[in-house]
Amino acid sequence: MYNKLNDRQTVESVSNEATANRNYKDTVFRTLFSDKRELLSLYNSINGTNYCNIDDLSITTLGNAIYMTVKNDISFVIDMRLYMYEHQSSVNPNIPLRDLDYVSRSYSKFFRNKDIYSPRRIQLPNPKFIVFYNGENEQPARKEMRLSEAYIHKEDNPSLELIVTQININSGYNDELLDNCPTLKQYMLYVDKIRMYQKTMPLEEAVTRAVNECIDTGILADFLKMNKAEVITMSIYEYDAKLHEKTMIEIGREEGREEGREEGFTIGKIHAYHECGKTPEEISKLLSIPIDEVRKFLFSNSSL
């Protein structure tokens, strides 16, 4: 049974920690599938394979990024193929661009000690990019997002292409995949509980109640028991960050409307993204604005 009184101190402590630590980088999805057995199960479910030896899989996830939004979720190599898995609760058309950055960094590790000017070809693992979507906006069961969609000049055969497959893991879209990977399905159920309780209670209470109920009903029970405090902290921060970002972007739009001109709208969006923790470089990429312009709007009276 959910005990609101007993959990009050836990809620307050993790809430304070999440609020104070705005650089908290991990998410529940990333932590859950950083376990090799869980990751191998997810891989097998997507590809219809039956790998059993976790040593066949080598995790290559990028770390030590400045902010959680520029840190990739999971990447790994198996059978000389490089897989990059991302998790999104909002539709992000810039995923191909982000994955281009991630795969470039990852490939640099493969040829770090090799001579790229040698006449011998350097062998690289084939890349595959997947994003798991569980947001509330309507999306198809699967869709492809292409880097070339961001190009100003459209070409039939662009010289550089990167294709990301978005898989909708909400109930009713890829149920066979969820049935084949119980951990992914239970993660989806955990998220659903947070959303349900968040409609009628503060975020901190909604997260804590969802965690307790999942433990009681066997949903990610072992994982949640072992990592309860961390999961609550991560979930509160993650959902609070989503709400804050949405709010700040809306404020930016309002600022733009009040200015009554395109520059005002742009300035509002720049400041909104900056308030959400985006770096000037990220904002420049997101809005396709030169970095010098972003810095001018953000730091007109100072310099970086």
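Helices (H or I, at least four residues) and strands (E, at least two) are DSSP runs, numbered from the N terminus. This is a predicted model, in which local features need pLDDT of at least 70, side-chain atom pairs count only at pLDDT 80 or more, and totals for chains, interfaces and linings use all residues. Residues are numbered from 1 along each chain as its sequence is written, and side-chain values use heavy atoms, with hydrogens and water left out.

Reader: How many helices and strands are there in the protein chain?
Author: The elements are counted as the DSSP runs described above. On that basis, the protein chain has 12 helices and 6 strands.

Reader: In which helix is Arg195 found?
Author: The helix in question spans residues 182-198. Arg195 therefore belongs, by the DSSP assignment, to helix α6.

Reader: Is Arg195 buried or exposed?
Author: Buried means under 20% relative accessible area, exposed over 50%, and partly exposed in between (1.4 Å probe, protein chains only). Because its relative accessible area is 14%, Arg195 is buried.

Reader: Leaving aside neighbours within four places in sequence, with which residues is Arg195 in contact?
Author: Contact means heavy atoms within 4.5 Å. With those sequence neighbours left aside, the partners of Arg195 are Asn134, Gly135, Glu136 and Asn170.

Reader: How many disulfides does the structure hold?
Author: A disulfide is a covalent bond between the sulfur atoms of two cysteines. The criterion applied here is a pair of cysteine sulfur atoms within 2.5 Å. The number of disulfides in the structure is 0.

Reader: What is the relative accessible area of Cys181?
Author: Cys181 is classed as buried. Its relative accessible area is 0%.
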